[in-house]
Protein chains: 2
Amino acid sequence: MKNILIIENDPDLLGKYSDILRNSGYEVTAALNSKLGINLAISKLPSLILCNTVLSDIDGFGVLSVLSRNPSTTKIPFVFLNALSTPDIVKKGIACGADDFVTKPFQGGQLVRSVEARINKNKNQTSLPISEVDNIHPHNGKGLEKLIDLISQCKIRHIKKKQMLYYESDHSQWLYLLIEGCIKTLKLTDDGRQMITGLYKPKSFIGLDTLLLDDPWLESAEATQNSSLYFISKSAIIDLLNEHVELNQHFIKILSANLHEKEDQLIELAYESVRKRLAQVLVRLNKDAVPIDQLDICRDELAGLAGIAIETVSRILTDFKERGLIERNGSQIQIIDLYGLIKMKS
Amino acid sequence: MKNILIIENDPDLLGKYSDILRNSGYEVTAALNSKLGINLAISKLPSLILCNTVLSDIDGFGVLSVLSRNPSTTKIPFVFLNALSTPDIVKKGIACGADDFVTKPFQGGQLVRSVEARINKNKNQTSLPISEVDNIHPHNGKGLEKLIDLISQCKIRHIKKKQMLYYESDHSQWLYLLIEGCIKTLKLTDDGRQMITGLYKPKSFIGLDTLLLDDPWLESAEATQNSSLYFISKSAIIDLLNEHVELNQHFIKILSANLHEKEDQLIELAYESVRKRLAQVLVRLNKDAVPIDQLDICRDELAGLAGIAIETVSRILTDFKERGLIERNGSQIQIIDLYGLIKMKS
DNA sequence: CGATTTATTGATAGACATCAACGCGGGTGG
DNA sequence: CCACCCGCGTTGATGTCTATCAATAAATCG
């Protein structure tokens with residue numbers, strides 16, 4: 001029978017939730033404060049944890065952080081119970097690695113449904129294969145093998161399109177490994193325009209650049225599609241790094257490659273015309289896109305990637321279409337003449 | 001008595017050079033081919049090596065490369081003898097780590113003078129203190145201590161203002177550590193404009209980004225002032241990296257910081273006006289400049305740093321002067337109102 | 001199907017590159 | 001020692017590229 005741990009200050013509510021879940025056939029462990037909750041989570045290893053955001057001693061986010069750092073409990077689905085789901089709470093919850101949010105008050109059925117859905121979702125995830133992660137092959141060394149072990153012990157979280165993964169200037173607690181979907185990292189200007197500094201495809205790490213620095217995030221990250229990611233605790237990775245030299249060197253190589261990419265973008269931004277920049281962006285997107293060379297990306301993001309205004313994107317795209325370089329249907333773009341785009345001159 | 005090794009194919013010339021140097025009071029070791037030369041260099045450890053660029057088996061550049069990789073011979077001053085000093089030879093020589101070039105034919109006195117000057121120069125260099133190199137403190141770990149040891153065993157070379165250190169797409173053999181002067185790294189566009197991707201001040205490493213990648217240089221490096229650098233053999237550094245985890249992590253941190261800098265520049269280039277970009281460049285230059293806040297930099301380089309046209313630089317500087325932000329005398333710029341520059345709006 | 005977001009098109013103005021001319025110093029060679 | 005040239009910096013006139021504002025059209029979503 002599935003065991004569910006509930007952490008909730010209010011004895012009345014705790015009893016109520018317990019009853020609902022027991023009636024649905026779950027075994028329930030109850031904790032009236034966070035310390036007890038953490039201990040019970042570690043000793044009982046429940047199938048799921050329900051936890052109030054507001055607790056007397058350590059708050060819900062703190063509980064989640066502690067359990068995330070412990071390898072044996074990091075993978076347990078963690079659902080927040082809270083009176084209000086303000087954007088701020090959701091933001092903080094995602095940053096800590098929460099799986100779901102249930103807002104009080106709720107109908108009994110809703111709670112059960114959420115719990116069931118979450119447990120089922122996490123059942124499937126364990127079988128996801130890790131291979132060729134950002135050019136990691138297990139035979140490349142003991143360290144990379146250990147890294148793959150570590151990753152496979154981490155919890156997978158899913159975030160929806162347009163949801164933020166983290167925000168600029170927030171404290172960074174995780175290294176992310178994207179499994180599915182697409183994540184963009186961006187910086188905002190004072191007047192609200194975005195510059196997209198990175199566009200991450202499956203099998204790549206997000207956050208390597210702040211891994212060893214104590215700095216907070218220097219950019220925000222947002223899902224452009226529904227995405228699944230491994231949340232890898234920074235402290236665990238750092239422990240691994242301290243033991244395995246080749247892992248460090250692998251990361252150095254990734255960072256070096258990133259640096260070179262950025263430098264190329266720099267010179268492009270400085271001296272190339274907008275036309276050429278947009279063409280380059282299309283070429284780059286095409287390279288690591290699905291084989292159908294059909295890009296599903298909104299104008300806003302193209303503008304952010306090329307560093308130009310949305311209206312100009314629109315204009316240039318129609319121009320490209322008239323010249324037979326691309327085809328458009330809706331917001332989808334199909335590249336017809338890749339060579340023509342590459343050879344685009346200012 | 002100082003021992004000098006001469007490597008020269010032609011027996012007549014070899015004899016002639018030997019006589020000249022013997023008459024000036026040097027002990028001379030002669031080698032008629034490169035293999036012998038290398039062996040003698042290692043066994044005798046001469047005070048200086050004279051070597052023809054053109055040799056029968058391994059050419060002069062090859063000899064220098066081999067000796068540079070050997071810790072016991074890397075520090076020996078190495079002077080090329082060549083019939084013509086074409087820019088191409090000088091370029092290749094500098095890339096390999098040559099100290100000087102003497103062009104044949106020459107007067108006997110010239111050879112002696114070059115040799116003496118070189119030996120004296122290299123006498124002084126051994127005492128240069130390495131401290132706080134790019135935030136390296138010896139107490140930060142065994143690896144950093146070893147790194148400092150390694151660096152102190154490396155030869156220091158001096159390159160003059162406007163001389164190139166390396167060229168884009170050349171093979172990279174060294175990691176450089178700047179001691180004195182200033183080095184800029186730049187990329188060129190097809191139409192000859194330059195984008196300066198890095199401006200290195202003393203105590204910083206140059207070439208970290210290609211250290212672990214087998215790629216050739218992706219940018220060129222040029223001295224903006226007379227500069228002195230340690231030439232650190234890549235293979236030696238890599239050996240050290242394989243032994244010391246914390247050294248890798250130190251480099252990861254430097255690379256991460258570089259990456260963040262580049263990202264900041266990206267968003268600036270994309271969305272800020274040229275006025276603001278130039279102001280930022282001045283602020284950045286001022287930060288790590290001499291305390292007198294007097295910048296000696298030509299318009300061309302300001303343009304390359306901000307990614308704008310030289311004429312525009314000129315125009316904006318006069319505007320800044322009229323507003324009392326800076327003062328100009330000749331090509332020197334003095335910042336009057338730093339805060340005003342920082343607060344510059346588009 | 002209406003409402004709201006997202007994309008396109010047009011008109012306009014401003015910013016900046018480009019071409020061209022000119023002044024200034026410093027080095028070079030007669 | 002002076003004239004000359006060359007590189008560098010400044011200034012002016014001009015044209016073009018692209019952001020911005022505004023209006024409309026299309027598409028997406030509930």
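**Close-up views of helix packing and a sheet**

**View 1. Helices α2 and α3 of chain B cross in a right-handed manner.** A crossing is right-handed if the near helix is turned clockwise from the far one by less than a right angle, and left-handed if anticlockwise. This is a predicted model, in which local features need pLDDT of at least 70 and side-chain atom pairs count only at pLDDT 80 or more, while totals for chains, interfaces and linings use all residues. Residues are numbered from 1 along each chain as its sequence is written; chains are lettered from A, and ligands numbered from 1, in the order in which they are written. Helices (H or I, at least four residues) and strands (E, at least two) are DSSP runs, numbered from the N terminus.

Helix α2 (residues 34-44) and helix α3 (residues 60-69) of chain B pack at about 25 degrees, their axes 10 Å apart. Axes are lines fitted to C-alpha atoms, for helices over the stretch in contact, and angles run from 0 to 180 degrees between N-to-C directions. Because angles under 35 degrees count as roughly parallel, α2(B) and α3(B) are roughly parallel to each other.

**View 2. Four strands of chain B form an open sheet in the order β7-β12-β9-β10, with antiparallel pairing.** Two strands pair if DSSP finds at least two bridges between them. Strands β7 (164-166) and β10 (194-200) of chain B stand at the edges with a single partner strand each, so one side of each is left without a neighbour in the sheet.

**View 3. Strands β9 (residues 183-188) and β12 (residues 220-223) of chain B pair in the antiparallel sense over four bridges.** B:Thr185 stands opposite B:Ala221 in β12(B).

How values were computed:
Parallel < 35°, antiparallel > 145°, perpendicular 65-115°, else oblique.
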